[in-house]
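Subject: Structure handover and notes

Hello,

Here is the structure for your files.

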Amino acid sequence: MTYEELLALARRYEGQTLETVTGKPFTVGIYLDCPFFTPASSGYGQSDGRKAAERFLARYNEIGSLRPGDYADVTRNASYYIGLLLRRS
């Protein structure tokens, strides 16, 4: 998956309620060509930037894991990225 494909996926589900692998609801949006996530529990949008998203994708493309813990050292939003990827299936 490329960064552009990730952005297209985020655009497709922008404003819709998605779920993490543990069932926590969130929404996705895009700001300055970077995905950001808003957990329903807090209502505050969060992003750790494009570089972190690209590092997540590099590891995902390498290992294909859907376990957030496998990405803990590259992004704090792994559970949201994975929730987004699971939705495309």
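Predicted model: local features only at pLDDT ≥ 70, side-chain atom pairs only at ≥ 80, totals over all residues.

Residues are numbered from 1 along each chain as its sequence is written, and side-chain values use heavy atoms, with hydrogens and water left out.

Core. The largest nonpolar core has 24 residues, of which Tyr3, Leu6, Val28, Phe56, Tyr71 and Leu84 touch the most other members. A nonpolar core here is a set of buried Ala, Val, Leu, Ile, Met, Phe, Trp, Tyr and Cys residues joined through side-chain atoms within 4.5 Å. Buried means under 20% relative accessible area, exposed over 50%, and partly exposed in between (1.4 Å probe, protein chains only). At least two core residues come from each of helix 1 (3–12), strand 2 (25–31), strand 3 (34–39), helix 2 (49–63) and helix 3 (78–88). Helix 3 gives the largest share, six residues. Helices (H or I, at least four residues) and strands (E, at least two) are DSSP runs, numbered from the N terminus.

Helix 3. Its buried residues are Ala78, Tyr80, Tyr81, Ile82, Gly83, Leu84 and Leu85. They are covered by elements including helix 1, strand 1 (18–19), strand 2, strand 3 and helix 2.

Helix 1 against helix 2. The two pack at an angle of about 105 degrees, with axes 10 Å apart. Axes are lines fitted to C-alpha atoms, for helices over the stretch in contact, and angles run from 0 to 180 degrees between N-to-C directions. Helix 1 and helix 2 are therefore roughly perpendicular, a label for angles of 65 to 115 degrees. Tyr3, Glu4 and Leu6 of helix 1 meet Arg50, Ala53, Glu54 and Leu57 of helix 2; contact means heavy atoms within 4.5 Å.

Loop residues. Serine 65 lies in the loop between helix 2 and helix 3 and counts as buried because its relative accessibility is 11%. Its side chain makes a polar contact of 2.5 Å with that of aspartate 70. A polar contact is a pair of N or O atoms within 3.5 Å; within protein, one must be able to donate a hydrogen and the other to accept it, and residues adjacent in sequence count only if both atoms are side-chain atoms. Threonine 20, in the loop between strand 1 and strand 2, is buried at 8% relative accessibility. A polar contact of 3.0 Å joins its side chain to that of threonine 22.

Regards

Technical notes. Parallel < 35°, antiparallel > 145°, perpendicular 65-115°, else oblique.
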